[in-house]
Amino acid sequence: MAVRPITITGEPVLHARAAEVEVVDDDLRTLVADMFETMDAAPGVGLAGPQVGVGLRLFVYSWVDDDGEPWRGVAINPTVWQSPLGIEPLDDDEESEGCLSIPGERFPLRRAESVLLRATDLEGDEYEIEAHGWLARIFQHEYDHLDGVLYADRLEHPLHKAAAKSVKKSGWGVPGQTWLPGVDHLDD
Ligand code: ZN
């Protein structure tokens with residue numbers, strides 16, 4: 001297992017639709033093991049294939065909910081159905097999210113409160129998780145990565161502009177940049 005470099009916004013794989021996983025073989029199992037290790041080292045609560053430079057439809061997640069229940073797994077070729085978005089004003093404290101591919105930044109973004117995730121695991125078995133709250137947010141965020149969408153792309157005006165400005169100021173938004181958890185300390 002190895003920690004892999006995390007791609008930074010501007011790298012083309014982050015902005016393109018990822019391809020379906022066709023076969024679960026040793027290469028894929030190694031990739032998933034590396035993704036868990038990279039996510040834990042970052043540290044983060046989710047990591048998608050394109051974030052380690054692999055344009056395949058899979059992500060890993062790891063999160064402990066308010067009841068202390070751990071949620072940790074891999075979602076291969078996932079689908080996500082989401083509940084309608086609420087229309088109340090954004091809450092900066094409760095709704096701010098970040099992304100390992102836009103290190104150090106956080107902005108509030110409206111997400112669906114509930115989702116149904118359907119995906120395949122490493123054994124090839126299909127599973128479903130009905131997620132609420134932060135886990136639902138993680139699934140929406142990671143699923144977006146598989147369609148080439150970063151959370152910054154979804155921000156409302158004027159947050160969208162603020163995020164773009166900060167990306168530019170950091171010298172990101174151009175191809176070829178990565179950071180290595182445990183070596184580079186870009187997160188705050
Ligand atoms: Zn992300």
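A residue is called buried when its relative accessible area is under 20%, exposed when it is over 50%, and partly exposed in between (1.4 Å probe, protein chains only). By that definition R111 is buried, at 8%. The structure is a predicted model, in which local features need pLDDT of at least 70 and side-chain atom pairs count only at pLDDT 80 or more, while totals for chains, interfaces and linings use all residues. Residues are numbered from 1 along each chain as its sequence is written, and side-chain values use heavy atoms, leaving out hydrogens and water.

**Salt bridges overall**

- A salt bridge is a side-chain nitrogen of Lys or Arg within 4 Å of a carboxyl oxygen of Asp or Glu, and the count comes to 13.
- Helices (H or I, at least four residues) and strands (E, at least two) are DSSP runs, numbered from the N terminus.

**Bridges at E97**

- E97 pairs with R111 in a salt bridge of 2.9 Å, N to O.
- R111 lies in the loop between β6 (102-108) and β7 (114-120) and E97 in strand β5 (residues 96-99), so this pair ties together parts 14 residues apart in sequence.
- E97 also forms a salt bridge with R137 (2.7 Å, N to O).
- Because R137 lies in helix α2 and E97 in strand β5, this pair ties together parts 40 residues apart in sequence.
- E97 is buried at 2% relative accessible area, and R137 is buried at 7%.
- Shared partners join E95, E97, R110, R111, R137, D144 and R154 into one network of salt bridges.

**The R17–D147 bridge**

- R17 and D147 meet in a salt bridge of 3.9 Å, N to O.
- The pair ties together parts 130 residues apart in sequence, because R17 lies in the loop between β1 (6-7) and α1 (26-41) and D147 in the loop between α2 (133-146) and α3 (151-154).
- R17 is exposed at 56% relative accessible area, whereas D147 is partly exposed at 30%.
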